[in-house]
Amino acid sequence: MRLGLVGVAAAAGAVLAMPPDGRGAEHGWEALRELRPETAVQRFAAAARDEPWARLGRALAQVHLPRAGPRDVAAAVRELESIGRSDGPAELRAAAWMALARVEEVHRPAPDWAAAAAAWARAREAAPPGHLWGELATVRELQVRLAAGLGAPAELAAMWDRIDPEPPLERAATRFAYHWLRVKAGLWAELPAERIWPAVEAALASDWPLEYDQWLTAGELARRVGAAAAAARCYRAFLAEYPTDERVGLVRLRLAEVEATGGAAAPSAP
Amino acid sequence: MISRIKASTWVGLAAAVLAFAAATWSVARRAHPAPHREARVVLRLVHGLAWEDKVAAYDEALAAFERLHPGVVVEQFAVPNHLWSMWVKTRLVGDNPPDVLMVGRGLSAEDTFRHFEPLGTALERPNPYNAGSPLAAVPWRETFVGGLRFAPAYLALFDETFGVPTSTNTLRLYANGELLRRHAPSEGVADFDAFRAWCEALARDARVAPIVAAGWQWQALANRYFSSQTQRLRERCDPFLTLAPPAVEPALALLRGRWSWADVEPRAGAELVAEMMRHFQPGFTAARRDDGLFAFNQQRAAMLLTGTADLAAVLAEAEFPVKILSPPLPGPEDERFGQHVHGRMVEQAAAQDAVFGIARRSPHRPEALALLQYLTSWEVNASFNRAALRLPAVREAPVADELVDFVPRTEGLPPGVPLFFDEFPDVQGLLTREIHRLASRGTEPRRSAEDFAVDVAPRHKAAVRSDLQRMARQQMLRSRLLDQRWMGESFGAAAAGRDDEGLWLRAWVRQVDQDLWSGHRVRSVAVEQAAR
């Protein structure tokens with residue numbers, strides 16, 4: 001009896017939560033991007049039961065509920081794995097593996113790097129050829145592998161040498177994100193500037209606009225390897241784009257220094 | 001008889017109905033004055049700056065905005081300062097926020113992310129209300145004093161800008177002109193040594209407290225003195241070579257052993273803070289803003305440490321001439337403290353004041369955006385800040401004559417590692433409790449600085465670690481919010497057979513960076529390495 005009442009209440013809630021046009025799943029995604037996972041769960045639940053995108057959406061929204069516990073996470077993982085292993089459309093399977101990777105990374109009490117990396121690899125394999133999501137998965141896979149090595153600089157340095165310097169990435173955004181991860185990982189591992197510099201060049205060549213601190217990181221590395229023209233270009237870009245920043249005075253000094261040396265700045269480790 | 005009774009009843013009833021209708025009409029007219037009834041859009045702007053001068057200055061600017069936009073009416077509400085946090089949270093949780101409201105105060109970063117509209121691409125284009133001004137071609141983002149790279153306007157963890165400042169607040173010493181004339185050396189007190197000597201003379205000869213602080217302002221002064229000694233230390237806390245890393249970097253560097261309280265720079269910083277804190281009134285860490293103003297106006301203190309916001313109140317109450325001084329800092333030539341000074345410091349731009357944003361739920365977001373652009377346009381911002389005796393938030397905007405001494409110094413080098421890190425509550429709490437060790441009177445500052453460093457260092461490290469652990473957890477929660485945003489967008493589009501490639505890609509690129517370096521890296525240093 002009590003269970004029946006709960007069922008009726010849940011159904012009523014789902015009906016109330018769903019705008020009256022029958023497009024429950026679409027409204028579920030809308031609720032999710034508006035950061036209302038409770039509403040999203042109800043709307044996905046009200047959508048057709050066998051609609052695979054709604055199943056995926058419901059699992060995803062469930063782990064984002066404010067009081068989601070290990071059981072919710074475990075149930076979502078099972079559902080996402082089942083969708084990922086299904087013979088559904090490639091995009092759907094890739095999305096399921098991507099969602100699963102994020103669950104392993106940010107919804108566990110401690111991140112499971114190996115599981116997250118494996119899920120990103122499966123997302124990359126599942127994505128249709130040339131699809132953006134395959135490229136996102138490549139970048140994220142590198143990010144979780146680097147995260148696993150953050151605690152030990154020697155391990156991170158060894159891993160850094162094994163990173164593919166020319167991944168098959170077509171888009172400027174993903175090429176930049178990938179190479180910028182390499183640049184900062186190299187700096188965190190305290191590698192010599194000369195070893196990191198090719199990654200900076202690859203990031204600069206990606207056609208993705210650098211922002212704020214990135215101009216200074218690139219400029220400082222360029223100065224240290226003696227690439228005065230590149231350093232000056234980075235400093236000038238920073239001064240032009242952020243003329244009110246508190247570092248403007250220091251950057252002007254750096255610019256004057258590289259302009260005066262004309263490429264003769266002594267290389268040094270960061 | 002019956003018909004006579006009936007007639008009088010009808011007359012009575014009609015009179016009652018007429019009276020009720022008249023009362024209703026009168027109340028409705030009061031609740032919705034004429035312009036509101038005709039308005040296409042009623043914007044509600046709410047803040048917690050219940051100072052009369054500020055409210056009147058906003059009123060004037062808002063009336064001018066209404067004249068420029070027929071059909072738009074702006075209602076201003078000033079919530080009393082002490083009620084602001086409770087009020088704003090209730091309105092946001094109740095999903096009934098005003099259209100334009102203050103960002104930051106009383107709200108967490110998550111609250112801001114959930115409830116405020118990112119200003120996004122509008123910031124990259126020139127502010128249309130700047131047409132014909134010196135900033136006509138400058139992107140809106142770059143028209144603010146100090147830029148828009150600080151909380152609460154900009155939240156680094158989300159890499160989004162949610163608000164724009166309408167005023168700037170700088171920290172100054174308000175000096176009693178009579179005491180200054182009687183006791184100051186003839187060459188003035190702009191030089192650090194002369195200033196220090198004047199403070200000694202005031203305590204000895206005038207028998208007044210040299211400095212009283214209004215509220216928490218002493219922390220900002222302590223930061224300024226401390227960071228003058230740690231400019232070079234900051235270079236050792238800059239793994240990504242950004243030339244002025246945020247507070248999280250010195251915190252991580254401390255845990256990684258890249259610096260410690262045994263180093264000369266933080267010792268010199270503590271010594272300098274000790275030198276200055278000795279001149280503050282007893283119990284300054286617990287003093288409220290009004291205590292400081294009262295003591296200064298009663299001539300029980302020679303100087304009041306506070307910001308621009310108190311100028312109108314001081315000028316109205318003080319019965320003596322008031323001089324405005326910038327707290328003098330030691331230069332590279334200073335015998336005791338000069339060796340660690342890299343160069344004169346810029347004034348930190350974190351003093352942006354009255355930062356306003358737009359509620360995500362507002363049905364009038366385009367009009368609200370126009371209002372923010374109007375209030376932060378070159379001419380309007382200068383004009384209403386002049387009326388309110390505040391500093392403009394817009395760069396190169398003309399400043400009222402009374403405020404010339406408050407203009408922040410924008411030339412110079414970045415400050416060093418601060419004593420009180422932003423967004424590190426445990427560190428703030430510890431140092432607030434322990435700072436009295438630096439202020440102890442009758443002892444040598446050098447000794448009290450050493451005591452401070454020795455006694456506080458282990459607890460400081462523990463507080464830094466616990467704050468970093470909290471930050472790592474917060475980053476995890478913020479990552480989840482960002483995931484909902486981009487997965488909702490991209491998976492939703494794919495499910496509907498739409499192609500949305502690129503709409504959320506810029507935010508995604510930033511999130512990859514933030515997840516690794518602000519989340520996992522901080523967790524790795526503060527949790528995993530601590531456990532080993």
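Select Y154(B), which is buried, with a relative accessible area of 10%. The model on screen is a predicted one. Y154(B) belongs to strand 4 of chain B, which covers residues 154-155. Display the surroundings of Y154(B): leaving aside residues up to four places away in sequence, Y154(B) touches L148(B), R149(B), D159(B), E160(B) and T161(B). For a reference distance, pick the C-alpha atoms of Y154(B) and L119(B); they are 9.9 Å apart, and the two residues are separated by 35 residues along the chain.

**H279(B)**

Is H279(B) buried or exposed? Its relative accessibility is 5%, and because the cut-off for buried is under 20%, H279(B) counts as buried. Show the side chain of H279(B) together with the backbone of E275(B): the side chain reaches the backbone oxygen of E275(B) at 3.4 Å.

**Aromatic pairs**

Colour the aromatic residues now; over all chains, the structure holds 29 aromatic pairs. One of them joins W218(B) and F420(B) in an edge-to-face arrangement, with 5.5 Å from centre to centre and 80° between the planes. This pair links distant parts of the chain, 202 residues apart: W218(B) is in helix 8 (residues 217-228) of chain B, and F420(B) is in the loop of chain B between strand 12 (391-392) and helix 16 (425-434). Both partners count as buried, W218(B) at 1% relative accessibility and F420(B) at 2%.

Then select W29(A), F44(A), W133(A), W486(B) and F491(B), which ring pairs link into a cluster.

Centre the view on W133(A). Not counting residues up to four places away in sequence, its contacts in chain A are W53(A), E91(A), A94(A), A95(A), M98(A) and A127(A). In chain B, W133(A) touches S490(B), F491(B), A494(B) and W504(B).

**The interface**

Colour by chain. In this view, 67 residues of chain A are in contact with 63 residues of chain B. The area buried between the two chains is about 6000 Å², and carbon and sulfur atoms give 64% of this area. Select L35(A), W188(A) and E246(A): they supply 15% of the area that chain A buries against chain B, more than any other three residues.

Stay at W188(A) and show the arginine side chains over its face. R256(B) lies there at 3.7 Å from the ring centre, and R521(B) also lies over the face of W188(A), at 4.8 Å from the ring centre.

**Chain A as a whole**

Finally, hide chain B and display chain A as a cartoon. How many helices and strands does chain A have? Its secondary structure comes to 14 helices and zero strands. Of the 270 residues of chain A, 54% count as buried. Among the contacts in chain A with a separation of 6 or more, 56% are between residues 24 or more positions apart.

Terms used
Residues are numbered from 1 along each chain as its sequence is written. Chains are lettered from A and ligands numbered from 1 in the order in which they are written. This is a predicted model: local features need pLDDT of at least 70, side-chain atom pairs count only at pLDDT 80 or more; totals for chains, interfaces and linings use all residues. Side-chain values use heavy atoms; hydrogens and water are left out. Helices (H or I, at least four residues) and strands (E, at least two) are DSSP runs, numbered from the N terminus. Buried means under 20% relative accessible area, exposed over 50%, partly exposed in between (1.4 Å probe, protein chains only). Contact means heavy atoms within 4.5 Å. A polar contact is a pair of N or O atoms within 3.5 Å; within protein, one must be able to donate a hydrogen and the other to accept it, and residues adjacent in sequence count only if both atoms are side-chain atoms. Rings of Phe, Tyr and Trp (its six-membered ring) pair if their centres lie within 6.5 Å; planes under 30 degrees apart count as stacked, over 60 as edge-to-face and the rest as tilted. A charge sits over a ring if NZ of Lys or CZ of Arg is within 6 Å of the ring centre and within 35 degrees of the ring normal. Buried area is the accessible area (1.4 Å probe) that two parts lose on being put together, summed over both.
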